[in-house]
Amino acid sequence: MTPKEFLDIVHTCEGLKNVTRHCDTSAGRRESVAEHCWRLSLMAALLREQFPGLDTDRVTELCLVHDLGELFTGDVPAFQKTEADRARERARFRDWVDALPEPLRGRMSALCAELEAGQTGEAKLCRALDRLEALIQHNEADIASWLPLEYDLQQTYGLRDCAFDPWVNALRQLVLKESLDKIAGEAQKLE
């Protein structure tokens, strides 16, 4: 890869700083996709000792690239995303990956295939952490920013993705408790 090719890739990826997600931060502003990917990657890196059988560098890399397709399509909240949205995002992202120089093209293609298949321990952990990070961020945001459907979604989202591992499942239950406590606290304010 030439320095120019590298710089072009970095300039393109800067766009994730400008793509906002559905969720607010604890300060009350819209979270960017880049911020979500950063914390998701940090979560993976923090779990190195917890998952000694997994390649946590690989998990971190999966976390860093998992939403790069949103550079080209924007973020569609999980509760609104259709299969057509997913297919469009995958196609646009694959077009970009196909234009990358080798060996980066091959590495990115392999990461995409691994994420889509979702069969490796690394891909499963990435997917679970992705769901958990979104739930955690909602718990950190003001509950006034939640849509009515998110009261239920906070209780059900990611349950299946987190069930693959007892530790991850325990974390999901702790996040659920935070959600339920937040909802109960809001109900008390309304009484």
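Which residues lie nearest the centre of the second largest pocket? Select Cys13, Leu16, Leu64, Val65 and Leu68, and you have them. Keep in mind throughout that you're looking at a predicted model.

**Stop 1: the second largest pocket**

Now widen the selection: 19 residues line this pocket, and the space inside comes to about 490 Å³. Colour by class and you'll get 15 nonpolar residues, four charged ones and no polar ones. To see where the lining comes from, show helix 1 (3-13), helix 2 (33-46), helix 3 (56-65) and helix 6, each of which supplies at least two residues.

**Stop 2: zoom out**

Switch to cartoon for the whole protein. Follow them from the N terminus and the order reads α-β-β-α-α-α-α-α-α-α-α-α. The C-alpha trace spans about 60 × 35 × 30 Å along its principal axes. For 191 residues, a compact globule would have a radius of gyration near 16 Å, and the 17 Å of this protein agrees with that.

**Stop 3: the largest pocket**

Next, go to the largest pocket, with a volume of about 970 Å³. Select His66, Asp67, Lys81, Asp130 and Arg131: of the 35 lining residues, these are the closest to the centre. Which element gives the most to this lining? Click on helix 7, which contributes eight residues. Strand 1 (20-24), helix 5 (83-98), helix 6 (104-117), helix 7 (121-140) and helix 8 (150-156) each bring at least two. Colour by class again and the lining of this largest pocket divides into 15 nonpolar, six polar and 14 charged residues.

**Stop 4: helix 3 against helix 6**

For the contact itself, show Arg58, Glu61, Leu62 and Val65 on the helix 3 side, and Arg107, Met108, Ala110, Leu111, Glu114 and Leu115 on the helix 6 side. By class, that contact holds six nonpolar and four charged residues, with no polar ones.

**Stop 5: helix 6 against helix 7**

From helix 6, pick Glu114, Leu115 and Glu116; they meet Glu122, Ala123, Cys126 and Arg127 of helix 7. Three of the residues in this contact are nonpolar and four are charged, with no polar ones. Glu114 and Leu115 also take part in the contact of helix 6 with helix 3.

**Stop 6: two loops**

Step back to the loop between helix 5 and helix 6, where you'll find Pro103. Is the peptide bond from Glu102 to Pro103 cis or trans? Look at omega: with a value near 5°, the bond is cis.

Last, select Asp75, in the loop between helix 4 (70-73) and helix 5. What does Asp75 touch, leaving out residues up to four places away in sequence? Show Val19, Thr20, Arg21, His22, Val33 and Glu70. Then draw a distance from the C-alpha atom of Asp75 to that of Leu16: the two are 59 residues apart along the chain and separated by 9.8 Å.

Key
Residues numbered from 1 in each chain as written. Predicted model: local features only at pLDDT ≥ 70, side-chain atom pairs only at ≥ 80, totals over all residues. Heavy atoms only, no water. 1 Å grid on protein atoms, 1.4 Å probe; cavity = no way out; pocket = protein on both sides within 12 Å on 5 of 7 lines; lining within 4 Å. Points joined across faces, edges and corners; volume = space filled by probe spheres on them. Helix = DSSP H or I, 4+ residues; strand = E, 2+ residues; numbered from the N terminus. Nonpolar A, V, L, I, M, F, W, Y, C, P; charged D, E, K, R; others polar. Contact = heavy atoms within 4.5 Å. Rg over C-alpha atoms; globule rule 2.2 N^0.38 Å.
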